[in-house]
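Here is a friendly walk through a protein model, going from the whole chain down to single residues. Have a look at the structure, then read on.

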Amino acid sequence: MEHAYLGIDVGSISTKGAILDKQNHILASAYIWTEGDPIGAVKKLVHLLGEQLDRDRYKVVAVGTTGSARKLAGTIAGATMVKNEITAHAVGTTAFYPNVRTILEIGGQDSKIILVENGVAVDYAMNTLCAAGTGAFLSSQAKRLGIEVENISEWALRSTHPTPIAARCTVFAESDLVHKIQMGYPKEDIIAGVCNAVVANYLNNVGKGKKIQPPVVFQGGVSKNKGVVAAFERTLGFPVIVDENGHLMGAIGSAILARQSTKRCVFDFGMEDMEFTTREVGCGQCSNNCEIICVYRNEKLIDAWGNRCERGQINVK
């Protein structure tokens, strides 16, 4: 059988997965909502990927995980490689765009910028507490205007006079947007203004002090919004590349990292039928008062982390 490599990216809003072959061809992929249940999301994701993969021809021999829940996802999926989002996105992007200099990424609640030189990430930044430059902000404002999220692009591109929207933070932006609605500005102009505000907030927050050079690749769920893409291009003054699989790039990068590692595993798609639970244990054996996370598979402890000294070490048999 031919070898395949699984990458899983678990974020606060969405969970992504991709299975690649040795040539980085995508054999299976899926994008679903996390819905506050990363364990359930990973199990559902694996089921969807398993249905797509030709399992008579391919077997998954390595698994990589990334995202905010990468440690938990790695534990339940038996990952051979667990890496942060910066590394995963950089590796995935440079595999398809080796000359990329800047990677813009905007997801549901997180956004980041990665600067690349000679195929290697040399600098990066992530968003702070402000959510005005994320997909969640776009979605909430579209809902306020009675517009379906998937139709934001259509409305934004219809505008010829985007309404200026305060982009300093979520609170100011929302207050300004409500004011513009009450003033009777057309919806398409307001939506276009919101897209511009997302870009302005991103560049003034995440991209502050960063030298953005082309080629630029824009990814993450928000990259599918043509209104935001157009706003980036107007502001930056040069084209922005959006890959059709840009929303999966973290998962793709994780799969590539897993393939590059020497570690191998026997991945079991049957994990969807297993019961995984987590329990929090307070150590209390020193002033650190560590909160230790214990992960169980079918009531058997398979991993534990969170201790900052050897007193809180929990041995997994």
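Among contacts between residues at least 6 apart in sequence, 62% join residues at least 24 apart. Keep in mind as you read that this is a predicted model. The protein has 9 helices and 12 strands.

How does the radius of gyration fit with a compact globule? A compact globule of 317 residues would have a radius of gyration near 20 Å, and the protein has 21 Å, which agrees. Along its principal axes, the C-alpha trace spans about 65 × 50 × 35 Å. Of the 317 residues, 50% are buried. The protein exposes about 15,200 Å², and carbon and sulfur atoms supply 48% of that area. As for charge, there are 33 positive and 32 negative charges, and their mean positions lie 5 Å apart.

**Helix 2 and threonine 75**

Now zoom in on helix 2, which covers residues 70-77. Because 6 of its 8 residues are buried, helix 2 is largely enclosed by the rest of the structure. The buried residues are Leu72, Ala73, Gly74, Thr75, Ile76 and Ala77.

Is threonine 75 buried or exposed? Its relative accessibility is 12%, and buried means under 20%, so threonine 75 counts as buried. Which residues does threonine 75 touch, not counting those up to four places away in sequence? They are Val295, Ile302, Asp303 and Trp305. With aspartate 303 there is also a polar contact between the two side chains, at 2.9 Å.

**Strand 9 and glutamine 219**

Next, find glutamine 219 in strand 9, which runs over residues 216-219. Glutamine 219 has 0% relative accessibility, so it counts as buried. Leaving aside neighbours within four places in sequence, glutamine 219 is in contact with His89, Thr93, Ile103, Leu104, Glu105, Ile106, Gly246 and Met249. With threonine 93, the side chain of glutamine 219 makes a side-chain polar contact of 3.0 Å.

The loop between helix 7 (187-205) and strand 9 holds proline 215. What kind of peptide bond joins proline 214 and proline 215? The bond is cis, with omega at about 0 degrees.

**Two loop residues with positive phi**

Asparagine 118 has a positive phi near 55 degrees, and it is not a glycine. Its place is in the loop between strand 7 (111-117) and strand 8 (120-126). Glutamate 299 is not a glycine either, yet its phi is positive, about 70 degrees. You can find glutamate 299 in the loop between strand 11 (291-297) and strand 12 (300-305).

How do these two residues sit relative to the surface? At 79% relative accessibility, asparagine 118 counts as exposed, while glutamate 299, at 48%, counts as partly exposed.

To finish, here are the accessibility values for the residues visited above.

| Residue | Relative accessibility | Counts as |
|---|---|---|
| Threonine 75 | 12% | buried |
| Glutamine 219 | 0% | buried |
| Asparagine 118 | 79% | exposed |
| Glutamate 299 | 48% | partly exposed |

Methods
Residues are numbered from 1 along each chain as its sequence is written. This is a predicted model: local features need pLDDT of at least 70, side-chain atom pairs count only at pLDDT 80 or more; totals for chains, interfaces and linings use all residues. Side-chain values use heavy atoms; hydrogens and water are left out. Helices (H or I, at least four residues) and strands (E, at least two) are DSSP runs, numbered from the N terminus. Buried means under 20% relative accessible area, exposed over 50%, partly exposed in between (1.4 Å probe, protein chains only). A polar contact is a pair of N or O atoms within 3.5 Å; within protein, one must be able to donate a hydrogen and the other to accept it, and residues adjacent in sequence count only if both atoms are side-chain atoms. Contact means heavy atoms within 4.5 Å. The radius of gyration is taken over C-alpha atoms; the globule rule is 2.2 Å times the number of residues to the power 0.38. Accessible areas come from the Shrake-Rupley method with a 1.4 Å probe; for residues, only the protein chains shown count as cover. Lys and Arg count as positive and Asp and Glu as negative; His and the chain ends are not counted. The place of a charge is taken as NZ of Lys, CZ of Arg, CG of Asp or CD of Glu.
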